[in-house]
Amino acid sequence: MAVSTAQTTPPRQTSDRAAQLRRRRYAADRRLKFFGLAAIVTAIALLGILLGSLILTGYQAFVQTHVTIEVAIDPELVDRDNPASGNYRAVVADAVQRLFPEADDPAVLQEGSRIVTNGAQVILRNMVVGNPGLVGTTFSLQVPVSDPYDQLTKGVIQRDSPENRRRLNDAQISLYETLEERGLIETRANWALLFNADSRFPELAGLSGAIVGSFYALLVCFLISFPMGIAAAIYLEEFAPKNRWTDIVEVNINNLAAVPSIVFGLLGLAVFIQLFGLPRSAPLVGGMVLSLMTLPTIIIVTRAALKAVPPSIREAALGVGASKHEVILHHVLPLAIPGILTGTIIGLAQALGETAPLLLIGMNAFLTSPPGGIMEPATALPTQIFIWADSPERGFVARTSAAILVLLGFLITMNAIAIYLRARLERRW
Amino acid sequence: MDQMTNTRFDAVTAAPHNHSTHAKVVGQDVNVFYGDKQALFDINLSIGERQVTALIGPSGCGKSTFLRCLNRMNDTIDICRVTGKIELDGGDIYDPSLDVVELRARVGMVFQKPNPFPKSIFENVAYGPRIHGLASGKAELEEIVERSLRKASLWEEVKDRLAESGTGLSGGQQQRLCIARAIAVSPEVILMDEPCSALDPIATAKIEELINELRENYTIIIVTHSMQQAARVSQRTAFFHLGVLVEEGPTDEIFTTPKDQRTMDYVTGRFG
């Protein structure tokens, strides 16, 4: 039959029409490839712009200008037996006096004291309480300079701009420059950003409270949503009959994953805080609210992971007479764990970045010490960013970007762990 | 059609063949439905003890479905419904009071694609005895594993690497491991669903040899697409077509002097 058609009509592949059609098909291939490539280039460019602008504004917050002061802990001002209640204000005033030995004008000393951070007395107090042996000694110490001078050093406040347009006047700048000339000003890594709690003074403000708060909230979130999510997924995937009711449950779990997070925040406020009487601002409540959001994600990824286990493994287990729970716990679940872990980490990473529900339950409080437990008031990384973004001081602009970079750092680390686990534990059949 | 299969059923049970052994598995008027679709129609088949029965027929004829009824593997498919009666040693296996876990220990299964657990070779074989509590100690468990692997002609090849993963073996070895795993729980019947379809001819020859040996102790029911294989390993053959058991009898008769035209057409390669 094929032979007879070949004799009556020429082979279609060589006709002009076919060749033209082929050219058009190739053109369509190239177009599709181009659009895909263009989309990826755009996405990467946008990501680059985002990261670039964050780094440009944020990098300055990773260093902090310090001034070296000479501190004498006068036993008359600080009692060796009760160092906590000493007059550190006077100690700092004395140190400022030593900084400008030739100045006798009180106005100059007043300006001079503004160069040293407002938190200097607290820093000193903490040092002496930690080591009472310092009482009666004299030592030099690097303390942060206050925010305007930090900005001046970093070039955010420009010395050659008109005097009435900048935060510091000429006299203040020249006083500061005398310190620079004497080599007392030094810019070094700003570990306070990671290890200090929040502060009203940008030069002292850090993320430790927010990091600890986020950690507690994620811990609570994980402890609630991981076991519950897996249990729910196992029931739905392995036990639930396929009927209208399980369809409704399934649709609603998917819907739950799409509910705006602020709604969960309202729920947490109304139920967990007002009805159950749990404390406001606590990581416990934050974690519970976040777990509401992570739960559907974990259920969905766990079901997908269970579904991905080849039926042949189930059959093998059933074939030797394993009961349902043995099939699931001995064979299916262990093979699904890599997928479950990956999904869980990604769900937790989402929860880490979630802001709105935490604002509603009050995790945006101003707190100058990290929480001691899940019941104590705390902030979280995203809410800390929110607080800083709202603060008027110039130093918080860079610190907000730096905090975002820290948050992104945590997110990228978590996702990298997820990718590593997937590559490491994934099993191929 | 009903009448035809019924008479054949009678003929089988009454037939004074040289394989007239005790009927181990008996199916009576077995109908299987997947939802609204009927896959098997009034199957009446009696399977003798300690011999190999081959189920042959074209794809989709219901032979695998019938096989999977015998250890109630079809239970795992929600829409599957079985009517009629299947007896194992005279006891109805679809009796609600019957423990399906115990049934599957008595009726082992080997699947089309080798499916060892992604665990060690030892663990693959030891798993069944362990969950059924067949071994009272480590030594006894090790003995069961060795005995099962020996029976599956795999011991010599794997005795030095029992801790390695079962999935690292070759296809033929994996399938023999699966046979060892089935043997380990001391079943009475072993169901084999096209056990050689994923294997090369050499591995296939080994499995067939093994089936021949296992016949001494076990009742074996094998589904196969290869008529040569059915002819080589089985004593009796049942031919399924379109959900109907067309003919059942001694293997040599089925292949040389079938009574039904459809069987004749199939075994001579005219369709299928």
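Below, a reader asks about a sheet in chain B and a domain interface in chain A of a predicted model.

Author: In this predicted model, local features need pLDDT of at least 70, side-chain atom pairs count only at pLDDT 80 or more, and totals for chains, interfaces and linings use all residues. Residues are numbered from 1 along each chain, chains are lettered from A, and side-chain values use heavy atoms, without hydrogens and water.

Reader: Why are strand 6 and strand 10 of chain B said to stand at the edges?

Author: The open sheet has the order 6-7-8-3-9-10 in chain B. Strand 6 (107-110) and strand 10 (244-250) of chain B each have a single partner strand, so one side of each is left without a neighbour in the sheet.

Reader: How do you know that domain 1 and domain 3 of chain A are in contact?

Author: Contact means heavy atoms within 4.5 Å. By that rule, 5 residues of domain 1 of chain A touch 6 residues of domain 3 of chain A.

Reader: How many salt bridges cross this interface of domain 1 and domain 3 of chain A?

Author: A salt bridge needs a side-chain nitrogen of Lys or Arg within 4 Å of a carboxyl oxygen of Asp or Glu. The rule finds 0 between domain 1 and domain 3 of chain A.

Definitions and conventions: Pairing = 2+ DSSP bridges. Helix = DSSP H or I, 4+ residues; strand = E, 2+ residues; numbered from the N terminus.
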